[in-house]
Amino acid sequence: MDTPVQSAASKVNDVVSVEKLGNVALVALNNPPVNAASQALRQGIHQAVSDLQKDPGIKAIGLFGEGRTFIAGADIREFGKPPQDPWLPDLCNFLENSETPIVCIIHGTALGGGLEVALSCHARIAVPSAKVGLPEVTLGILPGAGGTQRAPRLAGVAASLDMITSGKPVSAQKALESGLVDAVEEGAPRDLALKAAQALADGTLSHRKTGELETAADQQAIEAYRKKLQKTQPLLFSPHKCVDAIAASTLPLVEGLKKERSLFQDCMESPQRAGLIHAFLAERAVSKIPEAKETPRQIAKIGVIGGGTMGSGIATACLLAGFDVTLTERDQGGLDRGLATIAKNLEGAVKRGKLAADKRDQILSSNLSSAVELGALSEADLIIEAVFEEMDVKRSIFTELDKVAKPGAVLASNTSYLDINEIAAVTSRPQDVIGLHFFSPAHVMRLLEVVVADKTAPDAVATGFALAKKLKKVAVRAGVCDGFIGNRILSFYKKAADYMMMDGASPEEVDNAITDFGFAMGPYQVYDLAGLDISWATNKRRAATRPAEERYIPILDRICEQGWFGRKTGKGFYIYDETGARPNPDALKIIDEERAKAGITPRKFTAEEIVNRFMTAMISEAIRVLEDGIALRPIDIDAVYLFGYGFPRFRGGPMHTADQIGAAELVKRIEAFAEEDSYYWQVPALLRQMAETGGTFAEKNNG
């Protein structure tokens with residue numbers, strides 16, 4: 001074959017360029033960092049292909065992405081804005097109807113609209129490391145540019161249902177096996193695009209219009225997924241609409257696309273879509289902190305103090321992120337138990353396919369060390385204390401750390417509630433002290449509260465955020481108070497649950513109402529999972545400063561006095577044994593006894609009443625956290641609850657939910673509840689102001 005004559009690449013616009021090489025042309029996409037399908041990219045592709053169709057000398061077109069990826073998805077900067085021409089559905093139809101055949105090369109990722117563009121081309125080639133997917137369901141919508149119609153024509157109904165209703169990407173090899181791509185080849189994207197386009201022109205690479213294929217009917221798979229989603233995701237809206245759209249793929253393409261568009265519009269109008277997009281944006285918004293401009297300190301070696309559940313989980317997370325870790329405990333027995341837990345955690349990662357067995361062995365032999373004295377941490381760049389939640393213990397450890405840690409080392413406490421300023425005060429370097437509040441299990445849970453004390457240096461804060469990024473966690477900046485953001489709010493709304501329990505609702509009724517609302521677990525299930533002894537210790541710690549006006553419910557204390565601490569002892573609010581979890585009749589007896597002592601005649605609570613009181617309490621304390629400056633913005637509070645407390649993602653978080661309810665309605669609720677307990681139920685000043693002015697928390701995210 002003769003070497004094609006090459007013309008100089010010409011720019012269509014800032015993000016799309018065209019090269020003509022003999023009888024083929026290459027269309028290059030360069031919209032860094034991820035070739036997002038912005039209006040400029042869509043317009044550039046449309047213009048390039050339109051111009052090339054008019055050139056009789058061009059027999060085939062190769063479409064590829066420059067940089068690290070093909071089109072990785074939508075441009076998040078366009079979220080919530082009116083769509084601009086060319087719309088993605090129109091672009092995809094235009095590409096498919098091109099009489100000049102188009103082959104696209106997929107490297108990096110082709111997600112959402114990126115894959116829909118690829119499916120509209122006439123042939124698809126992926127590099128071995130590529131991944132493709134249609135993750136729109138995670139944003140409360142469905143693929144709206146033909147994805148639900150073209151994917152089943154290529155991959156079949158069953159494979160399309162799995163990919164589209166889960167939103168999970170698949171590998172290039174899986175895409176090849178299902179028929180989504182036509183070949184998997186090694187090579188640079190441009191080289192592959194040129195080779196494939198030439199093969200198209202020469203007639204040696206087969207091609208077809210996806211929309212002209214017929215979807216093989218698979219009613220059995222459709223019905224199986226309907227039943228599965230009713231069981232696993234009954235509260236979610238868009239997964240069920242995805243099934244309806246895929247079911248329409250047996251229709252002629254024009255009719256199927258019309259059905260897809262109608263179902264897409266239903267999703268767009270659902271409150272869940274707004275909640276899920278808010279949750280998506282929250283993960284990115286929380287990184288915008290005052291200290292973001294600071295250069296983080298270099299972290300290579302990490303010390304972890306405490307080999308219990310939290311310390312072992314933190315050590316595991318750091319090891320999986322590639323850090324060298326030294327674990328310390330006060331005695332060899334505790335150290336051995338911690339090391340065994342780390343090995344078990346890593347083994348779990350191997351079983352889940354997250355870690356290769358040889359990599360696990362390397363971590364255990366080369367990256368993990370241990371000691372029974374704090375002096376072993378003298379070379380650590382970051383030291384994380386994760387011992388029992390008791391101030392005297394923590395002060396003692398930090399006094400010792402001040403002597404052994406090297407200058408510039410970041411000294412962090414994993415405390416859930418305690419005052420970081422008081423901990424920092426026992427050192428000669430309070431600027432290096434920070435709170436890093438991990439959530440259990442620390443190697444799995446994504447949230448990390450970075451607690452900033454009065455004297456914490458800005459670069460130490462930046463280091464906490466850099467660590468979170470390396471650990472693949474969502475970091476949220478928090479100020480110092482009892483419980484920081486998440487646990488302060490939790491402590492408050494748990495009282496609302498306890499008041500309802502005391503007044504007549506059973507723990508199971510409260511838990512069922514809250515899980516039906518969408519939470520992963522109800523408050524009493526959480527109590528039992530975390531360990532009732534932890535809450536008991538907090539109750540005792542706060543007893544001396546508890547206001548006389550506060551209504552106090554002693555039920556949890558009474559249960560703990562029996563030695564029932566929840567799952568760890570097999571008994572708490574529930575009984576846990578080989579038959580599963582069920583209400584603990586002995587705990588119910590204690591509840592009845594305490595009601596009788598207080599002279600309370602139990603009353604019924606509807607599920608709606610339970611949810612309204614629970615959520616109103618959560619929101620009211622969240623507003624006070626905002627008023628006190630403990631959280632930077634409402635969206636930071638939402639992120640804490642989405643990534644650390646099982647808040648239903650489709651509801652967007654407590655502050656997003658507050659906007660859905662409305663400030664005036666929240667004020668009305670609190671004032672009504674205050675007729676029973678005016679000390680607990682108080683309207684935050686900010687909420688009353690918003691009720692009068694019509695403001696929203698969403699507006700405050702931009703302030």
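Predicted model: local features only at pLDDT ≥ 70, side-chain atom pairs only at ≥ 80, totals over all residues.
View 1. Helices (H or I, at least four residues) and strands (E, at least two) are DSSP runs, numbered from the N terminus. Arg558 has 17% relative accessibility, so it counts as buried (under 20% relative accessible area; exposed is over 50% and partly exposed is in between, with a 1.4 Å probe and protein chains only). Leaving out residues up to four places away in sequence, Arg558 touches Ile590, Glu593, Glu594 and Lys597 (contact means heavy atoms within 4.5 Å).

**View 2. Helix H5 alongside helix H8.** The axes of H5 (residues 157-166) and H8 (residues 219-232) come within 9 Å and cross at roughly 25 degrees. Axes here are lines fitted to C-alpha atoms, for helices over the stretch in contact, and angles run from 0 to 180 degrees between N-to-C directions. H5 and H8 are therefore roughly parallel (angles under 35 degrees; over 145 is roughly antiparallel, 65 to 115 roughly perpendicular and the rest oblique). On the H5 side, look for Val157, Ala158, Leu161, Asp162 and Thr165, which meet Ala221, Ile222, Tyr225 and Leu229 of H8. Sorted by class, that contact has seven nonpolar, one polar and one charged residues (Ala, Val, Leu, Ile, Met, Phe, Trp, Tyr, Cys and Pro count as nonpolar, Asp, Glu, Lys and Arg as charged, and the others, Gly among them, as polar).

**View 3. What is buried in H5.** The buried residues of H5 are Val157, Ser160, Leu161, Met163, Ile164 and Thr165. Their cover includes helix H3 (113-120), strand E8 (131-133), helix H4 (147-155), strand E9 (170-171), H8 and helix H9 (238-247). Just after H5, Gly167 takes a positive phi of about 75 degrees.

**View 4. Helix H18 packed on helix H20.** H18 (residues 486-503) and H20 (residues 523-530) pack at an angle of about 115 degrees, with axes 10 Å apart. That makes H18 roughly perpendicular to H20. Lys494, Ala497, Asp498 and Met501 of H18 make the contact with Pro523, Tyr524 and Tyr527 of H20. By class, there are five nonpolar, no polar and two charged residues in this contact.

**View 5. Ile485 in the largest nonpolar core.** This core has 102 residues, and Ile485 and Phe573 have the most contacts inside it. A nonpolar core is a set of buried Ala, Val, Leu, Ile, Met, Phe, Trp, Tyr and Cys residues joined through side-chain atoms within 4.5 Å. Not counting residues up to four places away in sequence, Ile485 touches Glu449, Val476, Arg477, Ala478, Val625, Ile630, Ala631, Ile637 and Val640.

**View 6. His207 in the loop between helix H7 (189-202) and H8.** With 40% relative accessibility, His207 counts as partly exposed. Its C-alpha atom and that of Arg124, 83 residues apart along the chain, are separated by 9.0 Å. With residues up to four places away in sequence not counted, His207 touches Pro101, His122 and Leu200.

How values were computed. Residues numbered from 1 in each chain as written. Heavy atoms only, no water.
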